[in-house]
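Colleague: I have the file open. Can you walk me through it, starting with the terms?

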Amino acid sequence: AQAARLEIIFTDFQCSSNNLQHHTAEISTKQLVVRRGQPFTVTLHFRARGYQPGTDTILLITETGPLPDQSSGTRAVFPLAQSDPRRSWRAVCVSNSPSSMQISLLAPASAAIGKYQLKVHIDSCTGQATSYQLGEFMLLFNAWCPEDEVYLESEPRRQEYIMKDYGFVYQGNKNWIHPCPWNYGQFEEDIVEICLKLLDRSLYFQHDPLRDYSLRKNPVYISRVVSAMINSNDDSGVLQGNWSEDYSNGTSPSEWSGSVAILRQWHATGGQPVRYGQCWVFAAVMCTVMRCLGVPTRVVTNFDSDHEKDGNLIIEEFYDSTGRLLANESKDSIWNFHVWNECWMARQDLPPGYGGWQVLDATPQETSNGLFCCGPAPVRAIKEGDVQLSYDAPFVFSMVNADRVAWLIRGTRREKLQWDTRAVGNNISTKCLGSDEREDITDSYKHQEGSVEERQVFLKALTQRHPKRMRSPSPATGPRASGILPAVSEASTPLSAPAEGDSPLHAAQTYLKFKLDESPEIGRDIGLTLLAHNLGFEYKDLKLNVSAQSVLHDGTPLPPFWQDTLYVSFRPKEEKTIPWSISYTQYGKHVSQDKLIRVVAIGEENTTWEKLLVEKIITLASPAVTINVREGAPGPLNLGEQYGLTKLVGPLRAQERASVTFPVTPMKSGQRQLQINIQSSRFQAIKGHKTVMVAPTSGW
C-alpha cells in the first residue's frame, strides 16, 4: 500500500529552552529569539505517520524582509540532512519517531538579523507536494559565536555589554564626575519588536528595501542606521534634540532615566519623535537598541568635548575685559561633557588591527554621507591619528584632541590670552566591567597629554586633514612656527604659542588658580578662593576682573550674573589667597538646568602688562537621596519603568528631611538597579539609585 501523505499538524519552537541557550530568555519565553551561528531546535509533529528518509524529501525555507531573495541572502532554501553538511543555512535531523521529528537548525554567522518566516516544503512518494508556514522567529547578532563579527571573547564582558540592562551616564565636569543611573531595559517586553521596526523606518530602508535587508548582516551598517535613527534630524527618528532650555511642550532631557518609555512612546505614536533629548539621552537609547540587537555596546562620556567646525583642530574662545565669555564671537564650542557609544565589532572594511571598540555618536552634530550620524570610527584609529579611516574619524579625533586658544577682545583688537593643549578630551569615562564604579579609558583614545607621541599624532591627524596646507613644513614655516601647533614644552604654560602675525608672548610672572572651599550644593552659597602667587623678584600690582555666568553643558554661556574688580599688590615671591562668596540669592535665579557655573578671572600685571586667564567650571550638586531596601516589605507591586510609582513629598522647609516608603516586588532576579526620581518646583530632577541582588525565588 502506498504510504500516506506526510502532514504536519503542529510545530514546537521550544521557545523556552532555545531562548535560554541563546541568552534571550529575558526577551521572551513565548516567541523564538535566537542568535546567528548557534543551533536551535524545532520539533515537527505529524498526523498519520512519521518522517521516512527514503520516502520523504524535506526542504526548509527561511525568509526575511518584504522582498525575500536568495541572491541577496534574505531567502534560503536548504534540505533536511542526516549529518552536518557544510552549507550556509542547515537543518539536521536530531531524532525521529513515528509521530514527530526533532530538527536542529543553524543560521550562518553572517546571516542578516531580523524577523524571519520559517517554511517547509515536503515531497512524498505519493507525488504530492505540500508546503507549510511553520511560524516566525527573530535572529540577532551573536557575541558568543567566534565566527560572528561582534564576537567578544570574555564572558564577563558579554554579560556587561550585552546582558546588563542598567548602567550609568557620567555627567558633571572633569573635576566633579557624577554617575546618572539609567535603565536600558533592552529585554523588556516588545523592545526587540520596536528595535526592528526602527530599522524599517530608516531612510536606508525607504530608499532600497532589498539592499537594506541584505546589508543587515553587517554590524557596521546596522550601527550607522541606528545612529541616524536615534535622532530625528533627517527622518522620523526616535528623539528630537533640544538645547534651548525651553521644554514646555515635551519632557526635559534631564528628567529621563530610562530608554523603555522613550522607545514605547515613539512606537505608540507611529514614529513621531519624542521630545526631548540631549547627548546622554541619545547615547543611552542607542545603547539599548544595539544591546537588544546583540551588538556589545557601552556608553562613554568625554569631558571637555570639542565641537569645531573648520577642521583645523583649534577651538577659539573670546572674552571681554570683564571676563565674560562671548558666545557669538566663535563658531566653535567646548561641551562641558559629551556622551557617545562604543560598539564592539570586527572591521572587515578596514586594514587589520582596527576592529574592537568603535565610536558611534547619535547626537545630531554634523552630517555623514548626507545624514546626521557619526561612526563607527575605530578607537585605535583615533589614538594613532589615522583619521583617513571610515567612518567620521576626523570629527571624533577633534572631540578628544583639539587645542584651545583664548582671546581677549577690546573693541576691534584681540589679544591672545592662552593656548591650552590639554583643554579637550579629559577623563573619558564609562562604567566599570562587573561593578558600578567608573573606569577611565582616556588612554585608549590618546597618548599622555603633552608627550612627544601625543603631539606627533596631533600633527599626523592635521596633516591627513589638510595635506596641502601641511606639506613639507620647514622649521621657519612649519606648523609650530605658524601657530598651528604649540611647542611640546609649552603644553603646561598658561600662555600661548605665537600665531602668525602676533608677537610672541612671554611667560607671565604671576600664577593664578581657583579653588572651591567645598563641593557646592544647589541652594547653598558657593565659597571660592583665588590662589595668587607672584613668581617674580619685583613688587607688582595686579588688576583682576572676575565674572560668573551660567553655562549649558554644550558650552553655551548665559549672561553674567556676578562681576567684581579688585586690585592686588604683591611683594617679591609673595603668595596670597583671595576669598569670594557667591550667594544663592545671586545665582539661584540664573542657574541653568545643567547646574553649571563658569567663573573667570582676567588679570593684568602693571610690570609686563601681560594678561592672565584663569577659569573654573562649577557643577552644583543636587541634594542627596538615600535609598534603604529592607526585606519583607508589603507587596506585591511591580515597580518598573513602564509603570512607576508616584508619591507627594512635602512641602519641605529649608534643611528639612523627609522619608517615603514604597512596597516593591521585583519581577526579575539577578543584579538590578532601583531608581528614584524626585521633581520639585524649585529645582531640577534629583535622581537616586541603589543596586540590589534579587534572588531567583520569592524574597530577597
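Modeller: Contact here means heavy atoms within 4.5 Å. This is a predicted model, where local features need pLDDT of at least 70, side-chain atom pairs count only at pLDDT 80 or more, and totals for chains, interfaces and linings use all residues. Residues are numbered from 1 along each chain as its sequence is written, and side-chain values use heavy atoms, with hydrogens and water left out.

Colleague: Which residues is N534 in contact with, leaving aside neighbours within four places in sequence?

Modeller: Q509, K540, F570, R571, P572, K573 and E574. N534 itself lies in strand β24, residues 526–534; strands are DSSP runs of E, at least two residues, and helices are runs of H or I, at least four, numbered from the N terminus.

Colleague: Is N534 buried or exposed?

Modeller: Buried, at a relative accessible area of 0%; the cut-off for buried is under 20%, with a 1.4 Å probe and protein chains only.

Colleague: What does the side chain of N534 reach?

Modeller: The backbone oxygen of E538, at 3.0 Å.

Colleague: Switching to the sheet with β1. What is the strand order?

Modeller: β1-β3-β7-β6-β5-β4-β8-β9-β2, an open sheet of 9 strands with mixed pairing. Two strands pair if DSSP finds at least two bridges between them.

Colleague: Which strands stand at the edges?

Modeller: β1 (8–12) and β2 (32–35); each has a single partner strand, so one side of each lacks a neighbour in the sheet.

Colleague: And how do β8 and β9 pair?

Modeller: Antiparallel, over 10 bridges, between residues 114–123 and 129–140. H121 stands opposite S131 in β9.

Technical notes
Buried < 20%, exposed > 50% of the residue type's maximum accessible area, 1.4 Å probe, protein only. Polar contact = N/O pair within 3.5 Å; in protein donor to acceptor, adjacent residues only side chain to side chain.
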